[in-house]
Amino acid sequence: MRVLVRRCWAPRPVCGGPGGRLSPQWRALARLGGSPGGEDGPGVRVREKPPWRVLFFGTDQFAREALRALHAARENKEEELIEKLEVVTVPSPSPKGLPVKQYAVQSQLPVYEWPDVGSGEYDVGVVASFGRLLSEALILKFPYGILNVHPSCLPRWRGPAPIIHTVLHGDTVTGVTIMQIKPKRFDVGPILKQETVPVPPTSTAKELEAVLSRLGANMLISVLKNLPESLSNGRQQPTEGVTYAPKISAGTRCIKWEEQTSEQIFRLYRAIGTIIPLQTLWMDNTVKLLDLVEVNSSVLADPKLRGQPVTPGSVVYHKQSQILLVCCKDGWIGVRSVMLKKTLTATDFYNGYLHPWYQKDSQPQPRQCRFQTLRLPIKQQQEKKNCCYATVH
């Protein structure tokens, strides 16, 4: 196949590129069949078909699954999809490094730490959960541009924490989008492939991430098998339905008993509770809520519970189910374990903190004998938590 593209250097943009420059996929097509010694340098020839030379950008567990799929394709000599695979990740305070680096080292893949991106020649870049804005100059180094594996149905949940916000807002459907990166803005490029999956009502962000990471890895391989065709068939994102998924701040984990319903608290727990424990205040001490459970109707029907005057944050120990019942805006949530000075079961907390209080004062003040909203200092509230499930691009 030999593709001829007429170059037009008119003042207006050509083929969708900024300032009259060809977009990456058109630049690739324009070079197909180029002769040695042309503008791309001596002997440089853009590939029309696999095997591709790939530079992968990623950090976390979601990205690791995409890298694993690329590596498996590289090892499959019969299919010949990937010829070269190298990795870029970001520095980590952990000696082991982030999941992507761990996998790359174990698989003996070349690894660079951002902003070092190596100096090799590649056909296409792939990004998954990278967390750095890639410059236009870098994007234009790849004849076929850079693909992004994003765990949402764009344009819903653009930004660094799509999986968390999917769970936090009770979405019933989500998915994965393979898109092409554009410079200067996150998650706005054309969609090459998109698939949806249902969100189980009780799914945690961690569980959902595992499902979406496998789906995204399979979709990425499918796109790479027909890369030129996928790029030419890309569609622009709709202008309607755009939502944003910002990083989760430290203040998000503080339960607001007077403001949040039981459903909102459970969504928050499923979204971030296994990453950042939810927090509250007990007698001026910070308490982490480790294991939340829904309260069934038989517990709520207990006459002892129904006969007590309660306010949001009130804590009652239910002996039969061995859980702490905590009153919120519209009902109750159950807590099986907490962390104060150490991890305590609900029974431990009752024996060590709740029961002695009632013994010393048979008529305790409801204002004191309850969980209260932990108010973080403004500076700490503004600090961002870069969670491992907050997929970033």
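**Sheet, helices and confidence**

Seven strands form an open sheet in the order β3-β2-β1-β4-β5-β6-β7, and their pairing is mixed. Helices (H or I, at least four residues) and strands (E, at least two) are DSSP runs, numbered from the N terminus; two strands pair if DSSP finds at least two bridges between them. At the edges stand β3 (111–113) and β7 (191–198), each of which pairs on one side only. On average, neighbouring strands of this sheet are turned by 20 degrees against each other, direction ignored. Axes here are lines fitted to C-alpha atoms, for helices over the stretch in contact, and angles run from 0 to 180 degrees between N-to-C directions.

This is a predicted model, in which local features need pLDDT of at least 70 and side-chain atom pairs count only at pLDDT 80 or more, while totals for chains, interfaces and linings use all residues. Residues are numbered from 1 along each chain as its sequence is written, and side-chain values use heavy atoms, with hydrogens and water left out.

Within the sheet, β4 (residues 124–128) and β5 (residues 146–150) pair in the parallel sense over three bridges. Val127 stands opposite Asn148 in β5. Helix α2 (residues 61–75) lies across β1 (52–58), β2 (82–89), β4 and β5, and runs at about 155 degrees to β2.

Thr166 is placed in helix α5 (residues 162–168). Is Thr166 buried or exposed? Thr166 counts as buried because its relative accessibility is 0%; buried means under 20% relative accessible area, exposed over 50%, partly exposed in between (1.4 Å probe, protein chains only). Not counting residues up to four places away in sequence, Thr166 touches Trp157, Asp171, Thr174, Val199 and Leu208, where contact means heavy atoms within 4.5 Å.

Met219 belongs to helix α6 (residues 205–225). Its relative accessibility is 1%, so Met219 counts as buried. Neighbours within four places in sequence aside, Met219 is in contact with Val176, Ile178, Lys193, Gln194 and Glu195. Met219 and Val149 are 70 residues apart in sequence, with their C-alpha atoms 8.6 Å apart in space.

The mean pLDDT of the chain is 85, and 80% of its residues reach 70 or more; pLDDT is the predictor's confidence in each residue, from 0 to 100. Over residues 1–22 pLDDT stays under 50, and the model has 29 contacts for them beyond four places in sequence. Residues 28–44 also have pLDDT below 50, with 25 contacts in the model beyond near neighbours in sequence. Where pLDDT is low, the predicted coordinates should not be read in detail.
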